[in-house]
Structure formats: structure tokens, C-alpha cells
Amino acid sequence: MPSTLIQTLSTAFDTAKDQLADTPLYLACSGGRDSLALAFACHQLYTAGQIARLPILLHVHHGWQSANDDWADLVANWAVEYGFDCRILRVNLPKNSETAARSARYQAFATVMIDGGVLLLAHHANDQAETVLMRLIDGAGVQGLSAMKIWQDKTIAIDEHSNKTISLWRPWLGVSRDVITQFARAHQLPFVDDATNTDAAFVRGILRAQVLPILQSINPKAIDNIARSAQLLAQTADWQAESVAESVASFTTAHLPYQSVLNIATFNQLPKSAQSSSLHQWLQGDEPLPPSFATTQSVLSLLNRADNDHESQILWQGKRHAYVICRYDDYLYRYRADVWRLFTSTAKGDDAPMSSCDGWHWQLINDEQCHLVFNTNKPIKSLVPVSRMMSITIGKHSYKGKKLAQKLRLPPWLRTHLWQAVIDGGDGEDETWLIAPMMAWRLPTGEQVTMDNFAPIGTMVYNE
């Protein structure tokens, strides 16, 4: 049995050799049976010449239990005995909970790891089964029920201004806890047992000590079968993600981190079975965690409304930012809430400070110091805010005020942020444009051009 465990890890290293080349390798070592067994297995491969270097052991000292000092000493002394570089990372938990401890661990790992480093984790089939059950009772979908992946990139905020992305590697997801236990005992590893792992005060403890034993009494292969189901669901989730990404791209007319626009007519051409998951992904955008099912359904109801009420707004609090979702005509808009406040605050486009050197700088400032910037690669000859009384010729007709906004189908919250720009087009010919955040129109035709393809002005960016 031990040789099977070592062979599993050896095969994993061979498969990942390209990904591990010239990349620092770390191993999360709590001192428990699983992580100490993984560290010892790495040592055996290293002494056998099958891997070129030992991983750096990272031990997080939570200060949660009185035994934490002893665990840190055990890992540090064991690391010295076997030639590992070891780092003891002390953290302060805001509260004693599984979620707080997990977040603190990854924060500590990322602090000492380099960007792009690989972190070995000793998660196994039993952990995978517990994760599936936890997500099942929480009502997770296909993505959630696929549980942990063998390889996963995780971006972690180091401070207010910087992030690190590390790769999590779980080579033992297909290995049972019993196999690891036999390996650890056969080599007399001095592992510790964490009493919180079976503590009924935590959901995972209940699943481990009570629920999984019942399932195994029904079917001895229950853990392996649940882990295999997670693997099959992961394959389905990957296919679904590709399909949903194509759908989202088809109905998204413009996208930046602070604003995304959905074409409702194109969205409604999707099969009904694909609409909810596609809208769910569009809402999530670049957020690490998706919106709730209830939020997605509320936005879907707003999308399907037939009245002309454009005042309705839905607020979604993501992990990184809050968002405002609103509708105008046949488009749904998703704004970061701080930018939304910019557009709807008392600050007006013609009040915004403006400077020009190599390009045009347009800045709107509120109490959060947000500002919007347009960059251009052509000289701007003139730039004026479009007032309510200014006449703009489009085709054969002139428009001003509300009629101009209606002609352009300009959302109410952008109407005070509309500018007329005259750009030197070269060869003695000027180009005239109407510009609003994420929107542009060529004059005098009135042809609308999305900012994704708006080369004469460049792109609008958001800076914090």
C-alpha cells in the first residue's frame, strides 16, 4: 500500500514537471497526519533522486488552541531532521471559525510565497467527499459540486494595493484517508491529531464523524464514489464554463471591470436552459465568488420586464466590490457602485477638471477619489460638454436636450457626461464625435461605436 501512495505522488510530479520547472514549491504542513505524510513522501522521492528539490514547508500557527505551540515546534524540529526549509507563520484570527482560519492560512501563505509559486496541499478523497456534501446542503450547482480541483489558481489580496496569484496543487485527491494513515503509521511519523476535525461544533466535523460513516455503512465505497462524482462534475463544469463564456460574449456589447452592458434582445435568443447560468456568469464578472441564486433571479425578472420603468436598481454586494444593476431600453447595465455614484452624483461633466498633454484627461471626483480617464492617440482640437440647449446635427435633423438623449438612446445617468470632440483626423480633415462613458457616436451620421473598437479616442479606464 505505501508503494502505491509513493507511486501516485511520483506520477503527479512527472505529469507536472513542465509546470514545476523553475517555480518555487511550497508545502502546507500543519503537523497532522495528511500533510506530514505528504512531506515525508516528498522526502522519499527526493532521496531516491526522483525529484530535484524538497518543497519549503509552511506551518501556520493560528493561536487557536493551547497545543498550537507544540505543533509548531514539532513541524520545525521534524523539518530540521529531514533537511526541509521551514517557515512558521503566525496569524491572529478575528474569530475562531473554519472560514476565518482558512482565510488567514492562505493570506499567510501568499505573504511569504512568490507570485506564481506552487503550494502542495494534502487534501484527499475523504476531504473531497466532505466538501461535496457541504456544498450540496448549501444548494451549490455544477461548479460548486465539482468541489476541489487538482490544480487551482488562487488570487489573494496582500494589502490594499497588491495581489498575488498562487497555484494550489492537490496530487492526492484520489487517495483515501485510510491509505495515508497506513503510510504514516508504517513510517512512524509523529503526526498530531486536531480535535476540531471531528468537533460537532463545525459542519465538517459532523460530516466526518457522523454522516460519512453512515454513508459508508450503506455503501463501503461511498467516499470513493462521491470523489469520482466530483471529478465527473468537474469535467461537466469545464464544458459548461466554455459554453457559458461563449454565450456571455455573444450578448455583452461592452465590458470593463467597472461597467458591463448586456444586449437583452441577443440574450433572449439563448435557449431558456442557458439563460440563468449565462446571466449568473455575466453578473459575477471578475468577482471571485458568484452572486446568490436569489440575486440572479431578481436580475432576470428585471431583464424580462415589459414596462418603461428605468428607475429600478438591484444592488449586489460582491466580495471585492458592490454593484448596481439597472436597465434602459433593451440593455442591462452592471456598474461598480462607486462608479455608479460618480455618474449619479452632483458632479457634472462640465464641472470636471480637464488637462491635455499627449492626450485628454477627464476627471470626475467624489469623496472616494474616483476618476475616469479617456486616452487618445490623435490631437484633440476642441472638446466641449454638450449642454441641454446645444444643437447637434445628426443626418438631416438637429437635436438638443431630451430629444438628443432619446435619439442617442443615452441612459439618463449618462446625460450630464456627454461631450463633443473634434479630432485631427490627418490630411487636413477633422473627425467629430459625441462621447460618453463607454459610448461614442460618429457625427454627422450618428453611427454608434462601442468603446472596444473606438480607436480614434482610445479606451476609457477607471483608476482608484
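This is a predicted model: local features need pLDDT of at least 70, side-chain atom pairs count only at pLDDT 80 or more; totals for chains, interfaces and linings use all residues.
**Entry: the cluster**

I looked up which residues form one aromatic cluster. They are Phe40, Trp78, Tyr82, Phe84 and Phe183. I then looked up the count of aromatic pairs by this rule, and it comes to 14.

**Entry: Phe40 and Tyr82**

The ring centres of Phe40 and Tyr82 are 5.7 Å apart and their planes stand at 90 degrees, so I put the pair down as edge-to-face; the cut-off for that is over 60 degrees. This pair links distant parts of the chain, with Phe40 in helix α3 (residues 33–47) and Tyr82 in helix α4 (residues 68–82). The two residues are 42 residues apart.

Is Phe40 buried or exposed? I found a relative accessible area of 8%, so Phe40 is buried, because buried means under 20%. Tyr82 has 23% relative accessibility and therefore counts as partly exposed.

**Entry: Tyr333 and Tyr335**

I looked up another pair. Tyr333 and Tyr335 are stacked, with 6.1 Å from centre to centre and 5 degrees between the planes. Tyr333 has a relative accessible area of 3%, so I wrote it down as buried. Tyr335 is at 0% and counts as buried.

**Entry: charges over rings**

I also checked for side chains lying over ring faces. Lys154 lies over the face of Tyr106, 5.0 Å from the ring centre. Arg334 lies over the face of Tyr323, at 4.1 Å from the ring centre.

Technical notes. Residues are numbered from 1 along each chain as its sequence is written. Side-chain values use heavy atoms; hydrogens and water are left out. Rings of Phe, Tyr and Trp (its six-membered ring) pair if their centres lie within 6.5 Å; planes under 30 degrees apart count as stacked, over 60 as edge-to-face and the rest as tilted. Helices (H or I, at least four residues) and strands (E, at least two) are DSSP runs, numbered from the N terminus. Buried means under 20% relative accessible area, exposed over 50%, partly exposed in between (1.4 Å probe, protein chains only). A charge sits over a ring if NZ of Lys or CZ of Arg is within 6 Å of the ring centre and within 35 degrees of the ring normal.
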